[in-house]
Amino acid sequence: MLHYRTFPVTAFQQNCSVVWDDATKAAAIIDPGGDLGDLLRQVDGLGVTLEQIWLTHAHIDHAGGTGELARRLQLPIVGPHRGDQFWIDALPQQSRMFGFPQAEPFTPTRWLEDGDTVSLAGHVLGVRHCPGHTPGHVVFHSPDLQRAFVGDVLFAGSIGRTDFPGGDHDTLIGSITQRLWPMGDDTVFIPGHGPESTFGRERRTNPYVGGT
């Protein structure tokens, strides 16, 4: 069975998640934005072995620690969609702009497309391309767990910003209503910031997408 634990990292309190298989202890880490020392101590405490890095998108608080972590542990980087190449290239500039440690450059081992899957110890998660916050943003969905790791597409009571380069409000709303809602009202989502919620709750109460 898959399990996950979420650890807020960086001054932006970005939700970095570790997903692992309870039988093999094989694990993937989603959006290692920084604070790698603390993150690796948490991983050690879980007794799991990191095998992959999965990225929803390439903003600094989500991807800032990726290059260093991949180099140190020789991990493949899976995602995001190729549309975020601009943001990967801009990571050094983002580091300086927001006062983060200098981000190491990286090239994803595998770019993701809408409808792809990622797998961990035999568990398969679906990939949906959900642009709007960034052009290459992706979401990871586990139907078995009824969980979705949605990065900065949707939050409890809010939605992702669209005022950064490559952002687009209408595209983001379309990603939410056309790609996330069909995953089901009971699906719990883990956002990039803040508490978990369900798609059903956000459809009913979120002022930005409620009733859609």
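Let's start with Phe12. At 34% relative accessibility, Phe12 counts as partly exposed, because buried would need under 20% and exposed over 50%. Keep in mind that this is a predicted model.

What does Phe12 pair with? The ring of Phe12 pairs with that of Phe100. Their centres are 5.4 Å apart and their planes stand at 90°, so this is an edge-to-face pair. The two residues come from distant parts of the chain, 88 residues apart. Phe12 sits in the loop between β1 and β2. Phe100 sits in the loop between α5, residues 91–98, and β6, residues 117–120. Phe100 is buried, at 13% relative accessible area. Phe98 joins in as well: ring pairs link Phe12, Phe98 and Phe100 into a cluster.

How many aromatic pairs does the structure hold? The count is 8. Another one of them is Tyr4 with Phe149. That pair is edge-to-face too, with 5.5 Å centre to centre and 90° between the planes. Tyr4 is in strand β1 and Phe149 is in strand β9, residues 147–151. Those two are 145 residues apart, so to speak a link between distant parts of the chain. In which order do its strands run? The order is β1-β2-β3-β4-β5, in an open sheet of 5 strands with mixed pairing. β1 and β5, residues 77–78, stand at the edges. Each has a single partner strand, so one side of each is left without a neighbour in the sheet.

Take β1 and β2. They pair in the antiparallel sense over 8 bridges. Arg5 stands opposite Val18 in β2. The hairpin of β1 and β2 has 4 residues between the strands. One of the residues to look at there is Thr10, which takes a positive phi near 65°.

On to β2 and β3. This pairing is antiparallel as well, over 4 bridges. Val18 stands opposite Ile29 in β3. Ser17 stands opposite Ile30 in β3. β2 and β3 also form a hairpin, with 4 residues between them. Lys25 in that turn has a positive phi of about 65°.

Stay with β2 for a moment. Is β2 mostly covered or mostly uncovered? It is mostly covered, with 8 of its 8 residues buried. In a regular strand, side chains alternate between the two faces of the sheet. In β2, Gln14, Cys16, Val18 and Trp20 point one way. Asn15, Ser17, Val19 and Asp21 point the other way. All of these are buried, Asp21 included.

Next, helix α1, residues 36–46. Which residues of α1 are buried? They are Leu36, Leu39, Leu40, Val43 and Leu46. Seen down the axis of α1, the buried residues fall within an arc of 115°, so they line one face of the helix. The face turned away from that buried side carries exposed residues: Arg41, Asp44 and Gly45.

What do the buried residues of α1 pack against? The partners are β1, β2, β3, β4 and α3. Just after α1, Gly47 takes a positive phi of about 70°.

How do the helices sit on the sheet? Go back to the antiparallel pair, β2 and β3, with its 4 bridges. α1 packs on the sheet, touching β1, β2, β3 and β4. The direction of α1 makes about 155° with that of β1. α3 packs on the sheet too, touching β3, β4 and β5. The direction of α3 makes about 145° with that of β4.

Arg72 is partly exposed, with a relative accessible area of 43%. Leaving out residues up to four places away in sequence, Arg72 touches Leu36 and Leu40. Both of those leucines are among the buried residues of α1.

Last, the whole chain. Its secondary structure comes to 7 helices and 13 strands. Of the 212 residues, 54% count as buried. The C-alpha trace spans about 45 × 40 × 30 Å along its principal axes. The radius of gyration is 16 Å. A compact globule with 212 residues would have one near 17 Å, so the chain agrees with that. Finally, contacts: among those between residues at least 6 apart in sequence, 59% join residues at least 24 apart.

Note on methods
Residues numbered from 1 in each chain as written. Predicted model: local features only at pLDDT ≥ 70, side-chain atom pairs only at ≥ 80, totals over all residues. Heavy atoms only, no water. Buried < 20%, exposed > 50% of the residue type's maximum accessible area, 1.4 Å probe, protein only. Arc of directions from axis to C-beta. Contact = heavy atoms within 4.5 Å. Phe/Tyr/Trp six-rings, centres within 6.5 Å; stacked < 30°, edge-to-face > 60°. Pairing = 2+ DSSP bridges. Axes fitted to C-alpha atoms, helices over the stretch in contact; angles between N-to-C directions. Rg over C-alpha atoms; globule rule 2.2 N^0.38 Å.
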